[in-house]
Amino acid sequence: MNDDEDEAWQRYDAAGDGGDGLPPDGELRGPIGDPRPECPIVCLGGRDGVYHFLDARGEHRALTARQLGSRSEQSALFCGDLTWRWRYFPKLAKQKVAGGESRLVVVGYSVVATAEWLLAECSHEPIFGAQVVIRRAGVWQGETGEPVAHCGDELLIDDRWLSAGLRTGNIVWVADSPVARPGEACGVDVARYIQQQLQEYWTFRYGGGAIAYLGVLGSAYLGAVSRWRPNVFLGGSPGTGKSKLLDAGRAMMPLHNYTTDTTKAGLEQAVTGRAMPSFIDEASDQQDQRGAQTLLNLTLASTGDEGAKVARGTADGAGRSSSVLGSFIMASVAPPEMQPQHWARVVLVDLISPEAGEDHLAQMDALIAYCREQGPALWRRAIVGFKRYHLALAVFRDALGRTGCAPRQMDQLGAILAGWWILTDDGVPDDREAINGVAAIADFRQSADEIANLGAGRQVAEHLATSRLEGDRSSEKWPVAEMCLRVWETRTDPESGERIGDLDNSWQDRLGRNGMRAVRADQLVDRRSGRQVARGGPGDGLWIAYRSAPVLKLFAETGWAGQRWRFLLRGLPSVKEAASSVRIGDINVRCAVWISRADLTGEE
């Protein structure tokens with residue numbers, strides 16, 4: 001018996017009545033010695049009467065004080081192991097031995113004392129909250145930025161395998177069901193062979209399709225370590241091999257989520273708290289495209305940084321939260337309607353039908369089996385090459401920027417090229433290799449102007465230009481753009497050769513009754529009032545009274561109702577708010593916005 005135990009026995013005896021009696025519950029009120037070094041439980045803190053722990057197996061548990069004082073709940077927390085509790089929180093009794101001498105013996109453990117000590121340890125931690133980061137299966141950044149492969153029951157940290165259920169700083173690596181894990185890293189020959197097979201047995205509409213697909217998978221291996229996680233949509237008519245190509249990607253990724261029919265809520269529940277790619281077959285084949293568009297929107301937040309953070313209210317007021325982090329690999333005949341923000345995060349890899357009589361089904365199945373065999377080795381290669389990935393990303397982004405690529409596209413395509421590079425090559429690409437890589441996927445690059453033309457502002461302008469306004473009679477309706485063209489039209493005097501404006505103001509009057517005024521490039525003074533004409537920029541343009549009832553009616557049944565259309569229209573270069581009042585129709589309007597002829601009609 002050591003000194004600590006001696007002291008404990010003395011405290012126990014002093015608590016008795018001086019004879020053979022015991023304290024009321026026959027238990028010690030404090031631990032014997034220091035329980036912390038050997039404690040199998042990790043105390044994470046408490047909040048609102050709920051205390052959080054990692055149990056003896058490393059699972060995350062949340063218990064109230066009442067539950068912690070329950071023998072069965074406490075036994076579950078320790079996974080039935082009595083050793084630590086018997087040693088540090090013994091329940092004692094005096095028993096007579098030979099010769100009539102009494103001695104103390106351990107007859108159990110104190111549930112109350114154990115619970116009180118665990119509660120005290122939780123109180124020493126900060127209040128449990130968002131600062132405690134719970135990590136489950138996937139590849140995450142460790143404390144120093146290095147990749148940590150969480151495989152459920154084990155962690156791969158700094159090339160060493162450790163048991164899950166530990167805490168490093170504010171990161172808690174909870175134990176979970178075992179999942180697939182990385183193998184030994186392979187050489188460049190494996191990925192190069194897969195790329196060659198993809199190019200031989202699938203017909204990509206664009207030459208860099210195999211590189212783009214392989215690059216998405218290479219980046220997806222790194223999970224949360226990749227700052228920007230690219231996504232891919234495999235499209236093509238039936239018989240082009242979309243599902244087989246998706247299966248090859250799944251086979252390469254030992255850790256992933258797969259579904260052929262899911263909703264946003266279902267996907268959140270399946271992957272929340274896990275950093276892994278999601279493979280979705282038949283992603284938009286349903287007649288109702290709203291579900292597919294919702295899934296597509298989920299990629300916007302899951303692509304970068306900490307991924308999509310979702311919070312939802314519940315009937316009991318407790319709320320529900322989830323997170324989605326990882327790349328999306330989707331396949332369908334055609335993608336749902338995509339907005340510019342989607343194009344900046346999803347690369348569309350289109351397949352076309354093979355030549356008549358060609359059948360590569362057996363070769364495709366053989367490649368899928370090979371990918372499944374080599375998947376763990378490719379995963380380890382990507383993890384080992386994470387430093388090269390970040391260096392390659394910087395080099396490829398720079399090369400893409402020099403081609404006039406839009407910033408978001410630089411992130412997307414740069415991550416794809418970096419993912420492809422760490423699988424198919426060693427070292428870091430030099431300038432020539434970066435240019436060659438960018439050229440290989442040139443068909444997937446979009447310039448800043450192309451992105452702008454796909455923007456919501458462009459769509460609003462097109463809607464405005466094609467909307468029909470009433471003429472002098474209710475039966476007459478004219479497109480806004482055509483009415484403006486009548487006002488912008490100029491004529492040449494046959495004798496002097498000078499340009500003269502249209503003296504007929506009827507088209508201007510019709511626009512004015514609908515809250516608009518067209519201004520010609522050479523118009524400086526209003527013919528009627530003699531006052532200087534306000535303009536928002538050079539060239540032909542149109543003033544729009546954005547609070548006018550006829551104007552609001554044009555957008556009432558669109559997704560841009562109210563003033564949303566005006567805020568989206570600001571994305572076009574020429575659009576400006578009026579700095580002073582503008583004469584529209586018979587009134588002066590301060591709340592007006594200017595758009596140029598080029599932006600309204602889409603002319604160069």
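This is a predicted model: local features need pLDDT of at least 70, side-chain atom pairs count only at pLDDT 80 or more; totals for chains, interfaces and linings use all residues.
Local features need pLDDT of at least 70, side-chain atom pairs count only at pLDDT 80 or more, and totals for chains, interfaces and linings use all residues. Residues are numbered from 1 along each chain as its sequence is written, and side-chain values use heavy atoms, without hydrogens and water.

Helices are DSSP runs (H or I, at least four residues) numbered from the N terminus. Axes are lines fitted to C-alpha atoms over the stretch in contact, and angles run from 0 to 180 degrees between N-to-C directions.

| Pair | Axis angle | Axis distance |
|---|---|---|
| Helix 7 (residues 209–220) and helix 8 (residues 242–252) | about 30 degrees | 10 Å |
| Helix 13 (residues 386–401) and helix 15 (residues 431–440) | roughly 65 degrees | within 9 Å |

The angle in the helix 7 and helix 8 pair makes helix 7 roughly parallel to helix 8 (under 35 degrees). In contact (heavy atoms within 4.5 Å) are Tyr 213, Leu 214 and Leu 217 of helix 7 with Leu 245, Leu 246, Gly 249 and Met 252 of helix 8. By class, this contact has six nonpolar, one polar and no charged residues; Gly counts as polar, Ala, Val, Leu, Ile, Met, Phe, Trp, Tyr, Cys and Pro as nonpolar, and Asp, Glu, Lys and Arg as charged.

From helix 13, Val 395, Phe 396, Ala 399 and Leu 400 meet Glu 433, Ala 434, Gly 437 and Val 438 of helix 15. That contact has six nonpolar, one polar and one charged residues.

The lining of the largest cavity includes Val 139, Tyr 221, Gly 223 and Trp 379 (a cavity is a set of points on a 1 Å grid where a 1.4 Å probe fits but cannot get out, and lining residues have an atom within 4 Å of a point). Its lining divides into ten nonpolar, one polar and no charged residues.

Definitions and conventions: Helices (H or I, at least four residues) and strands (E, at least two) are DSSP runs, numbered from the N terminus. Angles under 35 degrees count as roughly parallel, over 145 as roughly antiparallel, 65 to 115 as roughly perpendicular and the rest as oblique. On a 1 Å grid over the protein atoms alone, a cavity is a set of points where a 1.4 Å probe fits but cannot get out, and a pocket is an open set with protein on both sides within 12 Å along at least five of seven lines; lining residues have an atom within 4 Å of a point.
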